[in-house]
Amino acid sequence: MSDFELIPAIDVLDGRCVRLSQGRYDVATVYDDDPGAVAQRFRAHALQRLHVVDLDGAKAGRPCNRDAVRAILSEMKGVPIELGGGIRTQESVSEWLELGIDRVILGTAALRDPELVKEAARRFPGRIVVGVDAKEGQVAAEGWLETSDVDVVTLARRFEDAGVAALIHTDIARDGMGTGPNLEATAALAEQVSIPVVASGGVGTVEHIRAAAALASRGVAGVIVGRALYDGSVDLADALEAAACS
């Protein structure tokens, strides 16, 4: 199996499986009322990892969809899950990891409190991921509702040698649009740091996955796929095959 990871995504809002477009909460599309059932369908495939986001948590600054995440965990036994959204304290990091989450994603916390990320990475080696969410190259936070004056490379470099497992780079303008991830920006970021970088936001075809996998030599370690799996634009089996052939 290729080291390049194809990572399906489940985003949870009000306990339901949804997708946003460009991070806009007011245009959420509901794909399933039962995130656990979505996880069960994904579980039928040989996944390397599952990406889960608590969208209510991202906006509120604290975990909000515990029951839905527990349901996903119950269905995905044996498949590593990474979780982001509203995780901004050491207690919250510990709680999720002890519950069975494999990796915790810290986005707003990475911008506002980098020492929290570094301490978490020391306590939990290989289990902390930094979310680098970008609007026109600047880091966004608070559920993508605020944009900072910090650029993505500056944020990423803060965590060199900190022991974080990966960076997830999302170009918010591409997210949910199906026009393809901003792969050039993702690869450019990957070339500036020694941390593996995962592309996220905008996959709409299997060709987008092949294009991402082709950048593995530049440090792109995987790609997250969301809406395309739900609207049928991409078949999960075909996506996994495309990633494995990188």
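Trainee: Leaving aside neighbours within four places in sequence, which residues is D171 in contact with?

Mentor: This is a predicted model, where local features need pLDDT of at least 70, side-chain atom pairs count only at pLDDT 80 or more, and totals for chains, interfaces and linings use all residues. Residues are numbered from 1 along each chain as its sequence is written, and side-chain values use heavy atoms, without hydrogens and water. With those sequence neighbours set aside, D171 is in contact (heavy atoms within 4.5 Å) with A134, N182 and S200.

Trainee: Which side chain makes a polar contact with that of D171?

Mentor: D171 belongs to strand β10, residues 166-171 (a DSSP run of E, at least two residues). Its side chain makes a polar contact (N or O atoms within 3.5 Å, one able to donate a hydrogen and the other to accept it) at 2.8 Å, and the partner is the side chain of N182.

Trainee: D171 has no salt bridge, so how far away is the nearest side chain of opposite charge?

Mentor: A salt bridge needs a side-chain nitrogen of Lys or Arg within 4 Å of a carboxyl oxygen of Asp or Glu. Lys and Arg count as positive, Asp and Glu as negative. The nearest opposite charge is R174, at 4.3 Å.

Trainee: Q22 has a positive phi; is it exposed or partly exposed?

Mentor: Good one! Phi of Q22 is near 55 degrees, and the residue lies in the loop between β2 and β3. With a relative accessible area of 35%, Q22 is partly exposed.

Methods: Helix = DSSP H or I, 4+ residues; strand = E, 2+ residues; numbered from the N terminus. Buried < 20%, exposed > 50% of the residue type's maximum accessible area, 1.4 Å probe, protein only.
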